[in-house]
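Dear colleague,

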Amino acid sequence: MTQPLARDQRRLPKRRRPSGGVAMVALVVAILALTVAVFAVVLVLERVPQPAGAAAIGTEVSSRPAGASASTTPTPTPTSQPRTKTGAKAAAKRAFEFYSVGNYGKFWDQWTEQSQAVVSRSEYMRRFRECPAPAEGIRWSISDVSVSGSTARVTASRSILVDQFTFRYQAGRWRYEMTADQRKQYQGQSVDEIVADQRAQGLCA
């Protein structure tokens, strides 16, 4: 006797397996659909405005040579200062501020090339490290500035002292020029001799 299940199986029509051509068409359609989707996403991303911070970072990174780290990026050069009375006064105020607070390295950075050639930055800093200025912390007040060509005369006072200083316009910036007494001192003596003299006169804080 034939089992009922066997009879039912005979009655069912045989299913046809999909041909290779149909499978290939389905695969191509799927690839095309994926490509269109990716292209649409790219278009949307390109139209999204980038935040200002992100844009700046992108610009900075792209400007570096391949393999260069942030520490190797050159320090940007200072912007030019106006060759005017206002520019000279601002430069003098900045230079005297460095000196007043005891930042002698930064003060030396504001000097003219000719003044920097008289004494090195490290030696100038050592002089005040070994013999601190007694008036350190007392700020200079600028009372008058006059400009003639590339030369500025700056009148400044500190406590009861009033003096006139010269600034020269070099490479787009106003720079401090050593006074005649300062030049004479550093050209005639070593830093060790200057420190010894200052200590003997009780001029070290």
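Helix 7 (residues 121–130) and helix 9 (residues 191–200) pack at an angle of about 25°, their axes lying 10 Å apart, where axes are lines fitted to C-alpha atoms over the stretch in contact and angles run from 0 to 180 degrees between N-to-C directions. Because angles under 35 degrees count as roughly parallel, helix 7 is roughly parallel to helix 9. On the helix 7 side, Glu123, Arg126, Arg127 and Glu130 meet Val191, Asp192, Ile194, Val195, Gln198 and Arg199 of helix 9, contact meaning heavy atoms within 4.5 Å. The residues of this contact divide into three nonpolar, one polar and six charged.

This is a predicted model, in which local features need pLDDT of at least 70 and side-chain atom pairs count only at pLDDT 80 or more, while totals for chains, interfaces and linings use all residues. Residues are numbered from 1 along each chain as its sequence is written, and side-chain values use heavy atoms, with hydrogens and water left out.

Turning to the strands (DSSP runs of E, at least two residues), strand 2 (residues 151–158) has six of its eight residues buried, that is, under 20% relative accessible area with a 1.4 Å probe and protein chains only. Strand 2 pairs antiparallel with strand 1 (residues 141–148) over seven bridges, pairing requiring at least two DSSP bridges, and Ser146 has Arg153 as its bridge partner. Strand 2 also runs antiparallel to strand 3 (residues 161–170), joined by eight bridges, with Arg158 opposite Leu161.

Best regards

Definitions and conventions:
Helices (H or I, at least four residues) and strands (E, at least two) are DSSP runs, numbered from the N terminus. Angles under 35 degrees count as roughly parallel, over 145 as roughly antiparallel, 65 to 115 as roughly perpendicular and the rest as oblique. Ala, Val, Leu, Ile, Met, Phe, Trp, Tyr, Cys and Pro count as nonpolar, Asp, Glu, Lys and Arg as charged, and the others, Gly among them, as polar. Buried means under 20% relative accessible area, exposed over 50%, partly exposed in between (1.4 Å probe, protein chains only).
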